Amino acid sequence: MIDVAIVGGGPVGITMSIALSTLGVTNVILERETAAYPLPRAIVMDAEIHRSMIRHGLGDELAACLSPMKAADFVDADGVRLMGIELAEIRLFGLPVVSRHYQPELEAVLRHAAQQRGAVLRLGVAVTSVAEQHDRVCIECDDGTTVEASWLVGCDGASSTVRKAIGISLEDLGFDQDWLVVDLLVPEKRDSGLPDVTRQVCDPRRPTTLVSGHGDYYRFEFQLQPNEIPAEMRSNERVWQLLSQWIAPDKAKIVRTATYRFHAVVADTFRRGRTFIAGDAAHQMPPFMGQGLNSGMRDVFNLAWKLAYVQRGWAESGLLDTYSSERIPHAYGTVAQSVETGRLIDQLAGRTSHGVSPDAGYGGSRKSLAFTSGVVIGTGPAVGEPFAAMELLPDGTLDSFTLVSHDSLPDFSTMLPIAKVRAPASTILAGEVVVVRPDGYVAAVCSTSRVADVVAELARCCRMIER
């Protein structure tokens, strides 16, 4: 019997497979399509996900797939900058704070990496039913086969078959808008006159988003207005009318046009028994912060090490409840921030007032999202957040709690796998010890004298009994 079955072979499902295989957890991916989706959808990767990918051995492969985003701003209908941020010089975890990618290229890299690590990828296979037994999940497929696995992870998108099969509902945050998305290939992008930024044009007639993508790709998103028919708006004639103020047909080729109704929803739980959901199956958000795919990958890296701990006998299955308790508030906050950004666009365009603070915009001072429950001990700066110096974590610590300090630490016995890293005092908060989880998040910050007690408490977190 396989350890984990993954339903959905998009970037979230494939990344789930990579993370599990790297941790020694066997897995199979069931994907209803026969080939990877050939057109761009997600367009950015943030530094946290980039660093997590590097920790999983994908640094060299990603180097050619990513390019740093240079700036992001809001402008009025005349192009006057209202607010923004210059990104080119900002580094986080030793990396550009935001990088651009072309999703088909990224998916090709991820699929190759997953198969290299031993994943079984079954294409053209749709799941028809899911049934849990006492020690396994039985998955019936439309080709007549049955897959049995200890655990199931549904990474099968917004209309998730897995989510529906196990009866998880979605909470609607009440923000639905229709938009037209147009992806272009611009061979002479540098000389095209298109701004090399991510830009929200707050035009009361039609709010519009411009995103300078990776390489020669460029994206436009146009808010559809009342009484506009999506199918008509996708016609070449109508698309070029909308693009005409920025670029001419002889300077660009349309790669994709699509109309979407952006939603803001979060599942009420990410786990039911032996089955989990991740990515769009668990949460959907407007695209204005570029966090849809990034949030799905955060799900993956949060869940993978916990499944590995349970499979290896280092933790009880109750640890897996912390996947929901940690990820739901974080996802909810990210969706809410994306909604606020969308409302700010309308507000700055003078279309309506939502009372949204300018902090919702690029360059604002949004509060950092952190875990307040789960596998975290205590409170304070950095606890529950990604370790700010994640680049210091050595290879081979993906299944370990890492103790980062500038002094030597005493030896002590523990049931948890532990790694120790000496670091400059400047990277340690108040000269104390930072305890970093396998996924790169800070579990605790403590004095040297309390390290053994804190690790023992973390071990108790991992040995939680199933509710």
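1. The model is predicted, so local features need pLDDT of at least 70 and side-chain atom pairs count only at pLDDT 80 or more, while totals for chains, interfaces and linings use all residues. Residues are numbered from 1 along each chain as its sequence is written, and side-chain values use heavy atoms, with hydrogens and water left out.

2. An open sheet of 7 strands runs in the order E6-E5-E16-E17-E18-E15-E19 with mixed pairing; strands (E, at least two residues) and helices (H or I, at least four) are DSSP runs numbered from the N terminus, and two strands pair if DSSP finds at least two bridges between them. Strand E6 (81-86) and strand E19 (253-262) stand at the edges with a single partner strand each, so one side of each has no neighbour in the sheet.

3. Within this sheet, strand E17 (residues 208-212) and strand E18 (residues 217-223) are antiparallel partners over 5 bridges, and Thr 208 stands opposite Phe 222 in E18.

4. Helix H9 (residues 321-348) packs on the sheet, touching strand E5 (71-76), E6, E15, strand E16 (198-202) and E18, where contact means heavy atoms within 4.5 Å.

5. The largest nonpolar core has 114 residues, of which Leu 307 and Phe 401 touch the most other members; such a core is a set of buried Ala, Val, Leu, Ile, Met, Phe, Trp, Tyr and Cys residues joined through side-chain atoms within 4.5 Å, buried meaning under 20% relative accessible area with a 1.4 Å probe, protein chains only. Helix H8 (residues 292-312) gives the most to this core, with 11 residues.

Key. Axes are lines fitted to C-alpha atoms, for helices over the stretch in contact, and angles run from 0 to 180 degrees between N-to-C directions. Buried means under 20% relative accessible area, exposed over 50%, partly exposed in between (1.4 Å probe, protein chains only).
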